Amino acid sequence: MRAALALARRGLGSVWPNPAVGCVIVRDGRVVGRGWTQPGGRPHAETEALAMAGEAAASATVYVTLEPCAHHGKTPPCAEALIAAGVTRAVVAVRDPDSRVAGRGIEMLRRAGIEVVEGLLADEAAEINAGFLLRITTGRPLVTLKLASTLDGRIATHSGESRWITGEAARRTGHLLRAENDVIMVGSGTAIADNPDLTCRLDGLGERSPVRVVVDGRLRLPLTSRLVATANDIPTWVLTLEDCDATRLRVFEDSGVDVIEIPAGPEGSIDLTQAMEALGESGVTRVLVEGGAHLAAALLRADLVDRLIWFRAPRLMGGDGLPAAVAFGIDHLSQTPRFERVEIRPVGDDLMEVYKRL
């Protein structure tokens with residue numbers, strides 16, 4: 001199952017709206033088939049593993065990180081394929097909450113006389129597909145806020161200088177995070193100030209660049225920006241307020257940008273909860289937020305940050321520096337968003353901390 005989990009991780013960022021699944025087929029103590037969900041969500045992991053195993057799948061044990069699908073879509077159900085291949089035992093990490101599956105795949109296997117074992121390494125499997133599971137159960141994707149700061153939480157000098165607070169190793173890790181997410185999101189202020197590419201620039205992973213999303217309530221993003229200039233090559237979405245300037249909207253769309261109109265929240269800015277639900281409706285399962293301080297604060301205020309990945313450089317800047325998040329209305333400790341630290345490790349000279357929302 002650990003091998004299947006490792007295979008599943010290969011699909012992160014490239015298989016949405018489908019889950020990232022890994023499958024290993026074992027017969028007589030030997031691995032005869034292995035597979036993972038392919039880019040775009042198909043073929044499924046079980047299909048890939050069965051193709052490798054061939055006739056050796058008969059009487060074999062299948063280890064799969066998510067319940068095999070039970071519905072007819074563009075491909076036949078994986079549960080039927082496993083039955084037809086003659087496997088005799090299936091070890092399933094977690095059930096699929098999709099209403100089209102939701103235990104039906106496991107029931108199909110059992111009715112065919114296949115022994116099914118559930119729950120092996122369930123927590124690890126659920127974490128890999130946390131975005132898919134969240135979208136199915138709540139309608140919105142998993143949101144990870146990535147921050148790179150000094151030890152005292154400053155992301156730039158008072159003049160806006162931020163390149164580079166963290167070192168090369170941390171930046172490379174940040175690019176790997178981009179490859180593992182469906183969407184990378186920034187606020188319009190960051191997009192205007194930094195004029196970023198928001199691509200994955202690791203060797204061999206250039207094609208894994210996520211969809212680029214800018215939260216821009218007033219369509220302030222310059223048409224000359226790199227994001228707009230490359231929108232025909234790399235999917236680029238702008239989330240803006242309803243009833244925006246129709247002429248400017250058409251110009252963005254003519255440039256290859258998809259503009260998604262979102263209702264305003266109580267304060268007149270984009271309702272981020274509805275924005276995330278709109279992304280979920282588009283099939284997005286994992287969102288990586290890279291800035292800036294206003295967007296970070298708004299997401300924290302809306303209780304939309306599920307994971308926090310914080311790179312801390314061994315520097316101090318003091319009160320002159322810009323904070324990782326601007327004020328978002330905290331008067332009492334009881335109002336603060338709380339997280340559980342699940343990982344901490346050095347990355348070059350910097351420290352990487354990973355937190356999960358409580």
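This is a predicted model: local features need pLDDT of at least 70, side-chain atom pairs count only at pLDDT 80 or more; totals for chains, interfaces and linings use all residues.
Side chains of opposite charge can pair when their charged atoms come close. Across the whole structure, a search finds 17 salt bridges. One of them brings together the side chains of Arg 89 and Glu 115, with an N to O distance of 3.7 Å. This pair ties together distant parts of the chain, as Arg 89 belongs to strand β4 (residues 89-94) and Glu 115 to strand β5, 26 residues apart. Arg 89 is partly exposed, at a relative accessible area of 26%, and Glu 115 is also partly exposed, at 44%.

A second pair joins Asp 98 to Arg 100, where the closest N and O atoms are 2.8 Å apart. Here the partners fall into separate classes of accessibility. Asp 98 counts as buried because its relative accessible area is 9%, under the 20% cut-off. Arg 100, in contrast, is partly exposed, with a relative accessibility of 47%.

Glu 242, Asp 243, Glu 253, Asp 254, Asp 258 and Glu 261 form a negative surface patch. Two elements, helix α10 (246-254) and strand β11 (258-262), each give two or more residues to this patch. Asp 254 is a handy member to look at, and its place is in helix α10. Asp 254 counts as exposed because its relative accessible area is 68%, over the 50% cut-off.

Most residues other than glycine have a negative phi, and most peptide bonds are trans. Against that background, the bond joining Trp 16 and Pro 17 is cis, with omega about 10°. Pro 17 is located in the loop between α1 (2-9) and β1 (22-27). Another cis peptide bond runs from Gly 291 to Gly 292, where omega is near 5°. Gly 292 lies in the loop between β12 (286-291) and α12 (293-301).

Positive phi values turn up at Ser 59 and Leu 121, neither of which is a glycine. For Ser 59 the angle is about 70°, and this residue is in the loop between α2 (45-53) and β3 (61-66). For Leu 121 phi is near 55°. The loop that carries Leu 121 runs between β5 (115-118) and α5. Leu 121 is classed as buried because its relative accessible area, 18%, is under 20%.

Finally, Asn 129 occupies the loop between α5 (122-128) and α6 (130-138). With a relative accessible area of 5%, Asn 129 is buried. Leaving aside residues up to four places away in sequence, Asn 129 touches Pro 19 and Ala 20. The C-alpha atoms of Asn 129 and Val 21 are separated by 8.2 Å, although these residues are 108 residues apart along the chain.

Key. Residues are numbered from 1 along each chain as its sequence is written. Side-chain values use heavy atoms; hydrogens and water are left out. Patches are made of residues with over 30% relative accessible area and no salt bridge: like charges are joined within 9 Å, nonpolar side chains (Val, Leu, Ile, Met, Phe, Trp, Tyr) within 5 Å. Accessible areas come from the Shrake-Rupley method with a 1.4 Å probe; for residues, only the protein chains shown count as cover. A salt bridge is a side-chain nitrogen of Lys or Arg within 4 Å of a carboxyl oxygen of Asp or Glu. Lys and Arg count as positive and Asp and Glu as negative; His and the chain ends are not counted. The place of a charge is taken as NZ of Lys, CZ of Arg, CG of Asp or CD of Glu. Helices (H or I, at least four residues) and strands (E, at least two) are DSSP runs, numbered from the N terminus. Buried means under 20% relative accessible area, exposed over 50%, partly exposed in between (1.4 Å probe, protein chains only). Contact means heavy atoms within 4.5 Å.
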